[in-house]
Amino acid sequence: MRYLSEIIEGLAFTKLQGSADVEITAVVFDSRKVVPGALFVAVRGTHVDGHDYIEQAIKDGAVAIVCEDLPGHTAEAADFLMVQNSAEALGILASNFYANPSKKIKLVGVTGTNGKTTTATLLYQLFRDLGYKCGLLSTVENQINGRVIPSTHTTPDPVALNALLDDMVAQSCDYCFMEVSSHAVAQHRIDGLTFAGGIFSNLTHDHLDYHKTFDSYLKAKKGFFDALPKGAFALTNVDDRNGNVMLQNTKAFKKTYGLKNMADFKVKVLENQFGGLLLNVDGDEVWFKMVGSFNAYNLLAVYAAAILLGQEKSAVLTSLSKLSGAEGRFDYSIAPNKIIGIVDYAHTPDAVQNVLSTVQDIRKGTEKVITVIGCGGDRDKTKRPVMAKTACDWSDKVILTSDNPRTEDPAQIIKDMEAGVDPGNQRKTISIVDRREAIKTAVHLAQPGDIIVLAGKGHEKYQEINGVKNHFDDKEELLNAFSKL
Ligand SMILES: CC(=O)N[C@H]1[C@@H](OP(=O)(O)OP(=O)(O)OC[C@H]2O[C@@H](n3ccc(=O)[nH]c3=O)[C@H](O)[C@@H]2O)O[C@H](CO)[C@@H](O)[C@@H]1O[C@H](C)C(=O)N[C@@H](C)C(=O)N[C@H](CCC(=O)O)C(=O)O
Ligand SMILES: Nc1ncnc2c1ncn2[C@@H]1O[C@H](COP(=O)(O)OP(=O)(O)OP(=O)(O)O)[C@@H](O)[C@H]1O
Ligand SMILES: N[C@H](CCC[C@H](N)C(=O)O)C(=O)O
Ligand SMILES: [Mg+2]
């Protein structure tokens, strides 16, 4: 329980009505979750306007309201505070409500189109191996010192986020490694947090349904670096064409990493096999369990961040060489008849190309690559034809299927994908709406030694169809089909 006066510290507002010193039991931005004594923040969303629920929130016991526009009639029962941007205010209010946990832990954020989960998870695994207490906020799951807390978003909303950080502080965590999605920056989910460092992985095509243009997607990512405080580090991938853009306006100290361009931290890929990567890291040759040269970037980012956080090189490399990263990323299994199956979360054109080009780099030569791929419904439609084209360009056979259709017609999503397939590649593709059947067919078509790539769902344990999440697990389906061979 805290007083309103404490929660609004640092918030720019026009006080309109009330004492500003009532006791607050919770900060809530969804009227359906209001409890007696709550502070309700009215946020304008993509579907509805939280301002329309102010009256309901007060009926349900809210004692204070933060809003951008005052409703026609204001109930005497509540304090009203008017702000310019409620979403921005929510970040500050949530941080204050939990007594600013991000200031009591070293918080490191990872942003970029691909590699966030891998990088954040490796950092979490590394620092735990080095003996620290840590938290992780990621797409796959959240964790506090090994305790798993299911995650619903890549970056949680500000209230959930601060509650998790507060829990980490209570569990004496030294570090928290978190993913920062572009939605989170644009929706102010990370406002009010104090970061010790930020890492940029890369920027390629994704989420244009939400950001509309690549430029505004870029601006969202850059916004994270612009807001980093002095004293934090801003670590960027200079091989990405937007890597330096991230550093343009940051107050944090700037550090770079890369495989190709001049950088503060560099590695060289010496070997790239199914068994892992042999890298030269600042003169030391080290084997890592992670597969694919894109993972050389993730490993380098993790290594660089660990050094910037004051860790010792040899201890970092020894620990890092043992780690295998997040679930469902280049996860491979071998069938009794030697078919290889790879489950990977590639759900952007660049990730599809990276995973498939890696397979091409490390396969022995004569084997065929069969890719099973779909695209999510109610998400960026423009990536569908590109992902299908990329899959065809890098595979011998492609089975176009469903990912999470959500509220869309799965057959139409597949049609959108088919539109991207070059005429010369059309005979390479088959379309099978049912993902389970698609996986079975891939296994059926494969000869010993062939490589099957199941792209897009990685760790996901469900398939979302019309608002219902049915149990579905690519790895389980793959192993099931293998067992029937
Ligand atoms: C498009 C998007 O990002 N939407 C997020 C947004 O919801 P919204 O703007 O649609 O909210 P809305 O339904 O219009 O409601 C507006 C406001 O009215 C309130 N409301 C609504 C109804 C009601 O009865 N009472 C009430 O008070 C809502 O609580 C909200 O504050 O704010 C919500 C609260 O933070 C999020 O849960 C929600 O995520 C949705 C579920 C989602 O699917 N988001 C995805 C796209 C996402 O965020 N992805 C990123 C990146 C993924 C990645 O690349 O890894 C992520 O970080 O996970
Ligand atoms: N550094 C990288 N560069 C390009 N592609 C990558 C990189 N790391 C991973 N990938 C590819 O992207 C997929 C997703 O990786 P990961 O889950 O780490 O990314 P993410 O940024 O967290 O994605 P999301 O936006 O869904 O949270 C992987 O399965 C792999 O195919
Ligand atoms: N974090 C990504 C997940 C996509 C995963 C894919 N399986 C899908 O459902 O589209 C997003 O929100 O775009
Ligand atoms: Mg992620």
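Is Thr 113 buried or exposed, with 21 C-beta neighbours inside 10 Å? In this predicted model, Thr 113 counts as buried, because the 21 neighbours reach the cut-off of 20 or more. Thr 113 is placed in the loop between β8, residues 106–111, and helix α4. Leaving aside residues up to four places away in sequence, Thr 113 touches Asn 202, Leu 203, Thr 204 and Asp 206, together with Thr 348 and Asp 350.

Thr 113 belongs to a feature that an unreviewed UniProt entry names "binding site". The record places this feature at Gly 112, Thr 113, Asn 114, Gly 115, Lys 116, Thr 117 and Thr 118. Of these positions, Thr 117 lies in helix α4. Thr 117 has 25 C-beta neighbours inside 10 Å and so counts as buried. Its contacts, again without residues up to four places away in sequence, are Ser 138, Thr 139, Val 140, Glu 179 and Ala 326.

Strand β8 contains Lys 106. This lysine counts as buried because 20 C-beta neighbours lie inside 10 Å, and 20 or more is the condition for that class. Lys 106 touches Asp 174, Tyr 175, Ala 196 and Leu 309, residues up to four places away in sequence not being counted. Between Lys 106 and Gly 197 the C-alpha to C-alpha distance is 8.2 Å, although 91 residues separate the two in sequence.

Helix α4, which spans residues 116–129, packs with helix α9, residues 293–308; their axes come within 9 Å and cross at roughly 45°. The handedness of the crossing, as α4 passes α9, is right-handed. On the α4 side the contact is made by Thr 118, Thr 119, Leu 122, Leu 123 and Leu 126, and on the α9 side by Asn 295, Asn 298, Ala 301, Val 302, Ala 305 and Ala 306. Seven of the residues in this contact are nonpolar and four are polar, with no charged residues. Thr 118 of this contact is also one of the positions listed in the "binding site" record.

Leu 90, Gly 91, Ala 94, Ser 95 and Phe 97 of α3 make the contact with Pro 158, Val 159 and Asn 162 of α5. By class, the residues of the contact of α3 with α5 are five nonpolar and three polar, and none is charged.

The unreviewed UniProt entry also places the feature "domain: Mur ligase C-terminal" at residues 328–458. In the model, the end C-alpha atoms of this span lie 4 Å apart, and the span is 34% helix and 20% strand. Helix α14, residues 435–445, includes Lys 440. Lys 440 counts as partly exposed, because it has 18 C-beta neighbours inside 10 Å, a number between the limits of 12 or fewer for exposed and 20 or more for buried. Lys 440 and Trp 287 are separated by 153 residues in sequence and by 34 Å in space, C-alpha to C-alpha.

Technical notes: Residues numbered from 1 in each chain as written. Chains lettered and ligands numbered in written order. Predicted model: local features only at pLDDT ≥ 70, side-chain atom pairs only at ≥ 80, totals over all residues. Helix = DSSP H or I, 4+ residues; strand = E, 2+ residues; numbered from the N terminus. Contact = placed C-beta atoms within 7 Å. Nonpolar A, V, L, I, M, F, W, Y, C, P; charged D, E, K, R; others polar. UniProt positions renumbered as here; feature names shortened; annotations may be inferred. Axes fitted to C-alpha atoms, helices over the stretch in contact; angles between N-to-C directions. Left-handed = near helix turned anticlockwise from the far one by under 90°.
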